[in-house]
Amino acid sequence: MSSPFHSRVAGALVDDNLHIALNRVTSRFTTLRLNALASLPHADSVRDRARAIRAHTLSRLDIYLAQFADSVEAAGGRVHWAADAHAANRIVAEIAKAARARTVVKGKSMVSEETHLNPALEAEGITVVESDLGEYIIQLAGETPSHIIAPAVHKTKEQVGQLFHEKLGIPLTHDPALLTAAARAKLREVFLTADMGISGVNFGVAETGTICIVTNEGNGRLTTSTPRVHVAMMGIERLVPTLDDLSAMLQVLARSATGQKLSVYTSLITGPRRRRPSKQSEGGPGEPDGPDELHVVLVDNGRSRVLGTRLAEILYCIRCGACLNICPVYQQIGGHAYGSVYPGPVGAVLTPALEGVEPWPELPQASTLCGACRDVCPVRIDIPRMLLELRDAGHRAGQTPAWLKLFLPLYQLAATQPALFNFGAAAARWITRALSSNGWLKRLPPPLSGWTDHRDFPAFAAQPFSAQFKNHHKGAKTQRNTKDSS
Amino acid sequence: MPPTTVQLFATCLIETLRPSAGMAVVRVLEGLGLTVEYPDGQTCCGQPAFNGGAWEDARAMARHTLDVLSRSPAPIVIPSGSCADMIVHHYPELFADDPKYGPLARDIASRTYEFSQFIVEVMGVSDLGARFAGKIVYHPSCHLLRGLGVDDAPRKLLARVNGLEVADLPGAHECCGFGGLFAVKMSDISGAMLDRKLQNVESAGAQTVVGCDVSCLLHIGGGLRRRGAKVETKHIAELLASDERGAMNDE
């Protein structure tokens, strides 16, 4: 039981600051989400449509990817294909080198976390500064995101105050407005001096080659428009066919994520700065700002292997984080305990889907299968079903604990041989009744001690239900028993 | 036409740990004029094996249960949202490509109901004339609520119990942390989830936690017992079978 996963969990469960921080945010997001969906007319059918768009896109992903790449290039952008994380990082590093970029400012991008881009760029002597406030906080703290949209959710404002005091040399304060202002002042310098901006992508639009980025801080706009070069990194699955489809996705994304009807900034970027008017009729001097170069890096990194499998549905995910906020396990252990880049219910499926079940035996087990994640998912991903699929795969890969491996054949035999079932139940009745006091047991031997570590266990009943049922029917005129009808 | 006969799949937990809930189910069903069949040979639906990833073991158990339940054409009533969800949703998935058990699983799934769901949705009854003086909270178990989508039925039944006060349970829709083997394999997370549920139960100031799944009730009950709390747990049938004197009359 003492795997790294279990030690991380043990640490998380006793971390009071973590629970203060998680409670503040997850309960707020959950309530805001409910209100925001209530404000959307026909929310259920919008969600159905959003799901249908994702399913359709992924069923023809090769076609839409080709269309998207053509559209990006037609708009003046460059498209790069990265088969894996290493290739993605190398591509970005080479773009940076070619642009003689020494400072890079980054918008929030989970796919760059997935490829571990920052250390790769830093190894090339490039300075990387995160511009999303949450990402900036964890970069200062030398940590990784613990939530896919709120990377510093594990930190209280008090902890952030201490961190800024130490790292930025500002007077100690816990006032979010003052802390934000301090980060803003630091980041403004970076935006104005950075040679290159790297962003994630919320959606790519195949018909136009547009990339859509949503943020609440405006850092996405600065990252993508101020530096000379803009690199947009996206997973190959993050496409929608048309701008009309994009509008359907945006209707559910912010509502599910933060409970906003729309994020504060929704940027649609099509190509780099146009020096000359795109159409003759427009006249004028061209666009006043924007990067000279736009590079779109399409990252596979295991995704194409998931297509067509029973886990393909996880690629529908639009990274809203609603399943993390609602998950009772996430609420207890936070994101870092999972140990994977993508935490929570979606991460428990996506991580082994992309990387295989071998390195991640615990993730699919870290769920009660309560189904809350499936209920809140804007595109109705059946996460519990896929957790079950992964448990099946893990069992076949020999990941089941030894005690359970021993027990399963006995359990199977008993459940298919009623006489043996009754015998086993009688034995358990005798043992539990002998060891119990007032009908309860305080302690059970391992592995069942897991139960009695936190709760009492009841002794078996003196007379099983089947016997009581038969007694109840004794004296009744007709013996109702299915034996007669079999 | 409502059915006149039902088959009772009692579940292994009621068979071994909480037979009183099973007897209450029988009394409620018979009180509605139904003939209750108890198919011999029933054991466990196989959900723990299925949730544990041991799908071949789960299939063997599911085949056994399907054999047991297919001897009668009567609808099947299960006093557990979780076991009913297993049979209704997961049996057909387990045998999707099985030429023999596939059709059987779909047939059984189509006539399987959780107990409260059966009374309200199939029998069309919500007032059973039960009487129980006390303040309770209702814990909607996850597989009943989100698996089968049943929430109104048990609440309607409880609303018609004379003398009963149903208090609001904060965070009612949150899982109690049971999750079958999860409570053993991930017992610390499970225990932390249970603590939150128990704090909510205690803050509601009820004497009794009522639910439709003995599994969650055992988990919550074991936690209450460990805390030394004076709150008890009851399966919904135990309340619905309570008579005018507020006591069950068959024990």
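Which residues touch the most other members of the largest nonpolar core? In this predicted model, they are A:Ile314 and B:Phe115, in a core of 197 residues.

**Figure 1. The largest nonpolar core around A:Ile314.** Leaving out residues up to four places away in sequence, A:Ile314 touches A:Val306, A:Val346, A:Val349 and A:Leu350, and likewise A:Ala353, A:Ile381, A:Ile383 and A:Met386. In soluble globular proteins, nonpolar side chains tend to be buried together.

**Figure 2. Chain A as a whole.** Chain A contains 23 helices and twelve strands. Its C-alpha atoms fill a box of roughly 100 × 55 × 45 Å along the principal axes. Of the 486 residues in chain A, 56% are buried. Among contacts in chain A with a separation of 6 or more, 71% join residues 24 or more positions apart. The accessible surface of chain A is about 21300 Å², and carbon and sulfur atoms hold 55% of it. Chain A carries 52 positive and 44 negative side chains, with the centres of the two sets 7 Å apart.

**Figure 3. Chain B as a whole.** Chain B contains 13 helices and eight strands. The radius of gyration of chain B is 18 Å, close to the 18 Å given by the globule rule for 251 residues, so chain B is as compact as a globular protein of that length. The C-alpha trace of chain B spans about 55 × 45 × 30 Å along its principal axes. Buried residues account for 67% of the 251 residues in chain B. Among contacts in chain B with a separation of 6 or more, 77% join residues 24 or more positions apart. The accessible surface of chain B is about 8200 Å², of which carbon and sulfur atoms hold 48%. Chain B has 23 positive and 30 negative side chains, and the centres of these sets lie 4 Å apart.

**Figure 4. The cis peptide bond from A:Pro446 to A:Pro447.** The omega angle of this bond is near 0°. A:Pro446 lies in the loop between strand E11 (440-441) and helix H21 (449-452) of chain A, and A:Pro447 is placed in the loop between E11 and H21. Is A:Pro446 buried or exposed? A:Pro446 counts as exposed because its relative accessibility is 69%, and exposed means over 50%. A:Trp403 is 43 residues from A:Pro446 in sequence, and their C-alpha atoms are 9.3 Å apart in space.

**Figure 5. Positive phi angles at A:Arg100 and A:Asn438.** A:Arg100 is not a glycine, although its phi is positive, at about 50°. A:Arg100 sits in the loop between helix H5 (85-98) and strand E2 (103-106) of chain A, and its relative accessibility of 70% makes A:Arg100 exposed. A:Asn438, a residue other than glycine, has a positive phi near 55°. The loop that holds A:Asn438 runs between helix H20 (418-435) and E11 of chain A. With 69% relative accessibility, A:Asn438 counts as exposed.

**Figure 6. B:Pro48 and its contacts.** B:Pro48 belongs to helix H3 (residues 47-51) of chain B. At 38% relative accessibility, B:Pro48 counts as partly exposed. Neighbours within four places in sequence aside, B:Pro48 is in contact with A:Tyr411 and B:Leu181. B:Ser20 lies 28 residues from B:Pro48 in sequence, with 23 Å between their C-alpha atoms.

How values were computed: Residues are numbered from 1 along each chain as its sequence is written. Chains are lettered from A and ligands numbered from 1 in the order in which they are written. This is a predicted model: local features need pLDDT of at least 70, side-chain atom pairs count only at pLDDT 80 or more; totals for chains, interfaces and linings use all residues. Side-chain values use heavy atoms; hydrogens and water are left out. Helices (H or I, at least four residues) and strands (E, at least two) are DSSP runs, numbered from the N terminus. The radius of gyration is taken over C-alpha atoms; the globule rule is 2.2 Å times the number of residues to the power 0.38. Buried means under 20% relative accessible area, exposed over 50%, partly exposed in between (1.4 Å probe, protein chains only). Contact means heavy atoms within 4.5 Å. Accessible areas come from the Shrake-Rupley method with a 1.4 Å probe; for residues, only the protein chains shown count as cover. Lys and Arg count as positive and Asp and Glu as negative; His and the chain ends are not counted. The place of a charge is taken as NZ of Lys, CZ of Arg, CG of Asp or CD of Glu. A nonpolar core is a set of buried Ala, Val, Leu, Ile, Met, Phe, Trp, Tyr and Cys residues joined through side-chain atoms within 4.5 Å.
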